[in-house]
Number of protein chains: 2
Amino acid sequence: MTSLPLSSSSLDRDAGTTLPDFDAILAAAARIAPHAHHTPVLRSRALDALAGCELLFKAEHLQRAGAFKFRGACNAVWSLTPAQAARGVVTHSSGNHGAALALAARTRGIACHVVVPEQAVAAKLAAIQAYGAVLHRCAPTLAAREAMCAQVQAQTGAELVHPYTDARVIAGQGTAALELLNANGHALDCIVTPVGGGGLLSGTAIAAKATSASIRVFGAEPTGAADAYESLARGERVDTLVPDTVCDGLRGLLGEPNFQLLRRHQVEVLLADDSATARAMRLMWERTKQLVEPSSAVALAVVLGNRERFAGQRVGIVLSGGNVDLDAIATLLAKAR
Amino acid sequence: MTSLPLSSSSLDRDAGTTLPDFDAILAAAARIAPHAHHTPVLRSRALDALAGCELLFKAEHLQRAGAFKFRGACNAVWSLTPAQAARGVVTHSSGNHGAALALAARTRGIACHVVVPEQAVAAKLAAIQAYGAVLHRCAPTLAAREAMCAQVQAQTGAELVHPYTDARVIAGQGTAALELLNANGHALDCIVTPVGGGGLLSGTAIAAKATSASIRVFGAEPTGAADAYESLARGERVDTLVPDTVCDGLRGLLGEPNFQLLRRHQVEVLLADDSATARAMRLMWERTKQLVEPSSAVALAVVLGNRERFAGQRVGIVLSGGNVDLDAIATLLAKAR
């Protein structure tokens with residue numbers, strides 16, 4: 001599989017060959033199979049009736065470490081040569097990707113370094129440490145984060161695994177959609193995933209379009225972090241937005257390779273505000289008893305908010321993760337009233 | 001299948017033939033198969049490590065109407081003769097049994113009457129009504145409830161389906177354990193279910209002891225509603241306790257036939273206080289992303305609180321329901337700190 005330059009700013013926009021393709025997703029599926037869960041597809045008659053369409057939920061909140069992120073991290077870790085692997089991996093993410101990379105590294109028995117901002121939530125850091133990663137604290141700025149990453153790389157030779165621009169990560173994330181597309185007797189009409197940095201959505205788009213010429217691929221994005229929506233509307237990547245949303249997994253800005261892939265595959269982004277997302281999350285909890293996080297529920301929120309687009313169709317939704325901040329739960333549910 | 005007098009006080013204590021047996025559970029399994037979900041068995045490496053034993057969770061929170069109660073209600077409804085069915089069913093329960101009976105009646109297209117106390121939670125009543133049942137409000141006393149039930153029976157000829165003393169209900173509840181016992185290549189060493197009125201636990205005991213001579217059957221009961229524990233300790237049924245627990249599904253007092261069945265099958269009851277139950281619930285949410293209610297989590301709480309009893313064993317746990325009161329969630333989680 002071809003590999004992508006690790007900094008999106010250094011990427012040649014015309015170098016299409018550096019972007020992952022469907023073969024990369026198929027290879028990723030085989031590579032991660034011994035380590036990742038093949039998650040179930042869930043149905044709910046009550047939600048189908050509410051939405052006016054057939055919903056098929058790919059349960060990535062049941063993935064190891066509680067999110068689809070394990071797929072991409074696992075593909076990256078197991079793509080390394082033995083010599084690379086011996087030097088370990090490094091990333092900067094205090095969220096699901098940090099935990100996923102730590103666990104993926106543990107499946108291969110290699111070192112994992114995670115650069116985290118000083119104000120990160122203690123519970124999330126504890127989860128990353130519990131998987132055996134070494135934490136490196138830095139000031140909460142992009143510059144400090146990149147400097148610390150560079151320092152760890154210089155000291156250890158560790159391989160940087162970016163949360164969403166890394167081609168190995170994008171290919172790994174695409175395996176969730178691949179399983180969903182292969183799971184059902186009947187073809188899907190649409191597939192919807194949340195979009196933050198765009199790793200999941202771009203991998204999904206590659207898998208979907210390779211499987212069906214007519215399938216429509218939608219990203220679901222919080223109104224308060226609508227950079228992917230704006231980027232596609234303007235035809236150029238918006239990288240200046242300051243996100244404001246309860247969807248903590250979707251605050252990352254769309255990556256450059258991700259933007260290219262969304263354009264190439266005619267992906268459309270739909271928006272939902274945080275109240276609609278909180279209501280969708282509550283519905284998921286009540287009707288399916290599945291504890292999905294707000295960053296997952298946004299996908300159901302856009303389907304419920306755009307009924308005419310999905311009426312009578314067979315709609316796949318990737319439930320991306322279940323790492324809900326239970327200490328902030330009352331606040332989240334209050335938004336759903 | 002033999003049927004049990006519907007009022008537990010009128011039951012002849014020596015009339016063993018009026019209690020349901022294993023054949024009744026097998027018949028119930030066949031009777032409800034077209035209507036009830038065959039729920040999955042869930043595993044969690046993280047919880048196995050924490051508990052020091054192998055846990056197999058029977059996911060009845062994913063049952064229709066969100067609890068195992070649908071099994072017993074469905075068996076009762078589909079056991080009626082056509083003439084009985086035409087007159088409908090009646091019960092008094094504003095909780096999971098009321099909703100379950102309403103949905104079960106709907107699967108057969110018959111009338112369902114539910115007697116509810118005036119102070120019942122509005123959201124629960126809405127759920128029962130949404131399944132098409134007729135609500136009958138009464139004062140919040142046992143006398144008022146029984147009077148209203150008698151009045152509905154007199155007016156309609158509806159069949160009373162008691163939440164846990166009805167033999168058809170006990171047999172139906174036993175089908176969850178039957179599926180769990182049949183689901184695995186290796187035999188279970190123990191099986192643990194919550195106990196309130198004892199419908200689930202007594203049905204489980206019948207199924208377990210018929211399947212394995214050596215299996216141990218445990219009830220999990222809140223410290224604040226320890227009437228089953230006390231009844232077994234004293235050798236006579238305690239029917240005067242005033243329950244005080246967050247486990248709203250376990251406030252019912254142990255029924256007479258249920259008491260007899262627990263004694264006959266050497267069932268042991270273990271206790272957990274509400275803090276331990278809330279912590280177990282939070283663990284379930286965090287580690288398995290399954291939204292189980294406190295009345296379910298008490299089973300994991302007793303396993304975690306009695307490690308020496310279960311060390312290294314293969315332990316089946318029936319996750320009885322997932323109908324969490326999301327408006328009271330902050331209070332519940334505060335108990336888990």
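In the predicted model, 21 residues of chain A are in contact with 21 residues of chain B, contact being defined as heavy atoms within 4.5 Å. Residues are numbered from 1 along each chain as its sequence is written, chains are lettered from A and ligands numbered from 1 in the order in which they are written, and side-chain values use heavy atoms, with hydrogens and water left out.

The size of an interface is often expressed as the accessible area lost when the parts come together. Between chain A and chain B about 1700 Å² is buried, 56% of it on carbon and sulfur atoms; buried area is the accessible area (1.4 Å probe) that two parts lose on being put together, summed over both. In chain A, the most area is lost to chain B by A:Lys289, A:Leu291 and A:Leu326, which together account for 36% of what that side buries.

Seven residue pairs, both at pLDDT 80 or more, are in polar contact between chain A and chain B (a pair of N or O atoms within 3.5 Å; within protein, one must be able to donate a hydrogen and the other to accept it, and residues adjacent in sequence count only if both atoms are side-chain atoms). The count of salt bridges between chain A and chain B is zero, the criterion being a side-chain nitrogen of Lys or Arg within 4 Å of a carboxyl oxygen of Asp or Glu.

A:Lys289, located in the loop between helix 12 and helix 13 (294–305) of chain A, adopts a positive phi of about 60° although it is not a glycine. Helices (H or I, at least four residues) and strands (E, at least two) are DSSP runs, numbered from the N terminus. A:Lys289 is buried, with a relative accessible area of 6%; buried denotes under 20% relative accessible area, exposed over 50%, and partly exposed in between (1.4 Å probe, protein chains only). B:Gln266, in the loop between helix 11 (256–264) and strand 9 (268–272) of chain B, also has a positive phi, of about 50°, but is exposed at 59% relative accessible area.

Key. Predicted model: local features only at pLDDT ≥ 70, side-chain atom pairs only at ≥ 80, totals over all residues.
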